[in-house]
Each structure stands twice: as structure tokens, then as C-alpha cells.
Amino acid sequence: MGKFLKKHYIMAPGPTPVPNDILTEGAKETIHHRTPQFVSIMEETLESAKYVFQTKNNVYAFASTGTGAMEAAVANLVSPGDKVIVVVAGKFGERWKELCQAYGADIVEIALEWGDAVTPEQIEEALNKNPDAKVVFTTYSETSTGTVIDLEGIARVTKEKDVVLVTDAVSALGAEPLKMDEWGVDVVVTGSQKGLMLPPGLALISLNDKAWELVEKSRSPRYYFDLRAYKKSYPDNPYTPAVNMIYMLRKALQMIKEEGIENVWERHRILGDATRAAVKALGLELLSKRPGNVVTAVKVPEGIDGKQIPKIMRDKYGVSIAGGQGKLKGKIFRIAHLGYMSPFDTITAISALEFTLKELGYEFELGAGVKAAEAVFAKEFIGE
Ligand code: PMP
């Protein structure tokens with residue numbers, strides 16, 4: 001940036017920024033995990049995790065990334081040859097499919113255009129055609145496309161049937177409204193480095209009784225991810241827990257509880273609105289047909305080298321956004337509004353985007369995006 005200092009802003013959909021109050025928790029002395037002191041911390045932490053999942057079911061946390069929680073869901077619910085319905089509308093739906101393949105499932109795929117959102121009707125139709133399906137795998141927030149599905153509506157369909165609904169809430173938890181028990185979502189999985197405002201390294205999963213019935217019957221080989229071991233030792237962990245990450249999770253959950261989960265969801269909605277307003281004001285188009293409040297995926301305008309956008313924003317302006325994944329590489333860029341991010345982070349990201357687009361030759365009025373974002377925030381800040 002030449003004569004200026006380069007501060008770093010993470011505006012990607014994970015890892016997200018970690019507040020100092022959480023980082024300093026991680027710097028505390030590592031105590032032995034097989035002590036009443038640590039088990040009590042673990043219990044407090046896992047009990048308060050229930051609030052974020054909006055469930056009375058136990059939440060289990062173990063060391064791995066979000067994909068580990070996804071693998072735990074598949075390994076514990078799917079026996080070789082079992083029929084499963086998998087929604088694939090992006091990179092993380094693809095991951096469900098690959099995991100189900102690895103565990104020998106008989107896969108019925110609902111393949112959608114990347115950016116589309118599966119509907120409750122499509123799930124119902126697939127279940128009517130495949131009444132023997134045991135599990136439905138969905139992605140609540142498909143991070144690769146910025147799409148959020150009608151999970152509540154989908155759960156209304158699956159609740160009435162003899163099928164377990166699993167959702168990947170890796171990027172949705174703590175950002176999009178999620179009421180596991182009230183809606184009747186049977187299994188929710190997540191990871192630490194998104195809405196929970198932590199570094200990567202923890203996976204969390206919660207299952208209701210309907211899901212546990214299937215877990216007990218599963219014939220899949222599993223060991224580290226065998227959830228029966230976690231259930232048996234709860235709130236203790238069968239292996240060595242990531243002690244310092246648990247300290248940090250405890251703090252993050254305290255912060256979320258203090259703020260109130262509805263306020264957390266609402267704050268994400270406002271940042272999402274501002275980001276969408278900004279990119280539209282720049283004449284850009286959203287990829288998603290049902291955009292969520294986790295990340296905004298924007299189509300690269302004609303004639304612009306898409307791969308340059310995140311690169312220039314990062315290397316010249318210090319703002320890390322995300323490019324496209326898989327078949328969307330170079331075709332979209334993604335600006336997150338997830339976790340510990342404020343309106344001023346959003347404005348910074350939009351401003352850096354504007355300078356970058358100008359440099360790349362895209363034509364628009366400099367400041368139009370920032371102005372549109374500010375208009376959304378002005379309503380909140382000063383009622384205008
Ligand atoms: N699912 C979704 C929706 C995600 O956004 C991610 C991470 N980007 C994952 C799964 C995988 O998580 P991890 O990289 O922590 O394994």
C-alpha cells in the first residue's frame with residue numbers, strides 16, 4: 001500500500017477474527033484434563049453450547065475441524081448399503097456426498113445448480129420416492145455459494161417421517177437463526193472458526209433421540225469419531241480434549257449468551273443487508289438465489305480477471321476475502337459477515353473492493369458501494 005501501514009482484516013468465511021478476550025483465555029495455563037477442575041470447565045462449556053444450538057440435547061466437542069464433525073455424523077448414522085439423500089448445491093454438499101461414498105452409502109443425490117437452495121418440497125418429493133432412505137444430509141449455509149436453505153421448512157417435512165435430518169451448520173451456527181429442538185433438526189454439526197469466533201481446531205455435534213437410535217444400530221467402522229464413547233464419558237472426553245480451545249470456547253459462549261443469540265442473528269442480518277446493498281450499488285450481481293447472512297458471493301463482472309480480486313485486496317490492502325471454490329474458481333468472490341465483525345469491517349472491505357475493481361478497470365462511481373452500506377448502517381446508528 002506504498003506509504004501506508006497495512007493492517008490485516010479477515011473478511012473471509014472462516015477462519016474469522018478472534019476477539020482478544022478469547023485469545024487471552026487460550027493463553028492460560030494448560031491444566032490436566034483428568035481433574036475435577038477441568039471436567040467442571042468442560043461441563044460448563046458443553047452445557048452453555050446447548051444455548052447456541054437451541055437444544056436440550058448434549059453437545060459434544062472434540063479436536064478436529066468441521067469436516068471431522070461431518071465425518072462423525074456419517075460414520076455414526078450410515079451403515080454400508082444404507083440409502084441416504086444428499087443435497088449437493090456447492091462444495092460442502094459435495095463433501096457430504098464424498099463422505100457418504102467413503103462409508104459405502106447408497107446415495108440419492110439432489111443435484112442443484114450452485115447458488116440454488118433446496119426446497120422443503122424437493123426434500124419431500126425425494127423422500128416419497130425413496131421411503132427407505134435413512135438420512136437426509138443438508139448444508140444449512142452453503143459457504144461456497146453464500147446460500148442459506150429453509151431448514152425450518154425442511155425439518156417440518158422430515159419430522160413426520162422415519163428419517164434423520166442432518167445439517168452442516170459449520171458456517172451457519174451463531175450467524176443464521178437455528179432452533180434445533182423447536183424446528184426438529186435431528187443432527188447439527190459445526191466447527192470453531194466461524195460464528196463461534198475461535199481459531200480452527202474444534203468440532204461440535206449434537207444429536208437428538210431419533211438420531212441416537214440410528215447411531216446404536218449403525219454397523220460402520222469407527223473409532224475416534226465413535227459418538228457412543230463421547231456420550232458415555234460426557235461431560236468428560238474419552239481422549240485428551242483440546243484444553244486451551246475449551247477455555248476459549250467457554251469464553252466465546254459466555255459472550256454470545258451475554259449478547260443474546262437473537263441479537264447475534266440480527267447483527268449478522270444487518271451486516272448481510274449492508275454488504276448486499278453495497279455490491280448491488282456497484283452494479284454487481286449476487287450468485288445466490290437465496291442469499292444468507294454468513295457470506296455474500298458476488299459474480300465477477302465481465303472482462304475482469306476474477307482471481308485478481310482477492311489477491312489485490314489481500315496483498316495491497318490487507319483485506320482477506322475469499323475467491324470461488326471448485327467450479328466457481330475465478331467466477332465469484334466472497335465477502336463474509338461472520339462472527340466477530342463490525343459495520344466498520346464491512347465498510348473497510350467494501351472500500352478495498354472498490355479500489356481493487358477500479359484498478360482492474362471495472363467502471364462505476366467510486367464510493368457508491370460504501371454509500372449504500374452506510375445507508376443501511378445509518379438506519380441502525382442514527383435512525384436515518
Ligand atoms: N461445511 C461448511 C459449510 C464450511 O463452510 C466448511 C469450512 N469452510 C466446512 C464444512 C469444512 O470445515 P473445516 O474446513 O473446518 O473442516
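Modeller: A cavity is a set of grid points where a 1.4 Å probe fits but cannot get out. Please keep in mind that this is a predicted model. Rolling a probe the size of a water molecule over the atoms shows where empty space is left.

Colleague: How many cavities of 30 Å³ or more does the count give?

Modeller: The count comes to two cavities of 30 Å³ or more. The largest cavity holds about 70 Å³ of space. Its lining consists of Val 87, Ala 89, Asp 116, Ala 117, Val 118, Thr 139, Glu 142, Thr 147 and Ile 149.

Colleague: Which residues line the second largest cavity?

Modeller: The second largest cavity, with a volume of about 40 Å³, is lined by Met 42, Leu 46, Tyr 60, Ala 61, Tyr 230, Tyr 234, Pro 235, Asp 236 and Asn 237. Seven of the lining residues are nonpolar, one is polar and one is charged.

Colleague: Let us turn to the ligand. Which residues come nearest to the ligand?

Modeller: There are 13 residues around the ligand, and those that come nearest are Thr 65, Thr 67, Thr 143, Asp 168 and Lys 194. One then looks for polar atoms facing each other. A polar side-chain atom of Thr 65 is 2.6 Å from an oxygen atom of the ligand, and for Thr 143 the distance from such a side-chain atom to a ligand oxygen atom is 2.5 Å. Lys 194 places a polar side-chain atom 2.6 Å from a nitrogen atom of the ligand. On its own the ligand has 390 Å² of accessible area, of which the protein covers 87%.

Colleague: Which element gives the most to the shell around the ligand?

Modeller: That element is α3, with three residues. Both α3 (66-77) and α4 (91-102) supply at least two residues of the shell. The shell as a whole divides into three nonpolar, seven polar and three charged residues.

Colleague: How should I read the backbone angles?

Modeller: Most residues other than glycine have a negative phi, and most peptide bonds are trans. A cis peptide bond joins Gly 14 and Pro 15, with omega about -5 degrees; Pro 15 lies in the loop between β1 and α1 (20-26). The bond from Tyr 234 to Pro 235 is also cis, with omega near 0 degrees. Pro 235, in the loop between α9 (227-233) and α10 (243-259), is also one of the residues lining the second largest cavity.

Colleague: Where does Met 197 lie, and is Met 197 buried or exposed?

Modeller: Met 197 lies in the loop between β9 (187-191) and β10 (202-207). Buried means under 20% relative accessible area, so Met 197, at 5%, counts as buried. Its phi is near 65 degrees, a positive value in a residue other than glycine. Gln 54 likewise has a positive phi, near 55 degrees, and is found in the loop between α2 and β2. Gln 54 is partly exposed, because its relative accessible area is 23%.

Colleague: What does the side chain of Lys 6 reach?

Modeller: The side chain of Lys 6 reaches the backbone oxygen of Asp 315 at 2.8 Å. Lys 6 itself is in the segment before β1 (9-10) and is partly exposed, with a relative accessible area of 36%.

Note on methods: Residues are numbered from 1 along each chain as its sequence is written. This is a predicted model: local features need pLDDT of at least 70, side-chain atom pairs count only at pLDDT 80 or more; totals for chains, interfaces and linings use all residues. Side-chain values use heavy atoms; hydrogens and water are left out. On a 1 Å grid over the protein atoms alone, a cavity is a set of points where a 1.4 Å probe fits but cannot get out, and a pocket is an open set with protein on both sides within 12 Å along at least five of seven lines; lining residues have an atom within 4 Å of a point. Grid points are joined across faces, edges and corners, and a volume is the space filled by probe spheres set on the points. Ala, Val, Leu, Ile, Met, Phe, Trp, Tyr, Cys and Pro count as nonpolar, Asp, Glu, Lys and Arg as charged, and the others, Gly among them, as polar. A residue is near a molecule or strand if one of its heavy atoms lies within 4 Å of it. A polar contact is a pair of N or O atoms within 3.5 Å; within protein, one must be able to donate a hydrogen and the other to accept it, and residues adjacent in sequence count only if both atoms are side-chain atoms. Accessible areas come from the Shrake-Rupley method with a 1.4 Å probe; for residues, only the protein chains shown count as cover. Helices (H or I, at least four residues) and strands (E, at least two) are DSSP runs, numbered from the N terminus. Buried means under 20% relative accessible area, exposed over 50%, partly exposed in between (1.4 Å probe, protein chains only).
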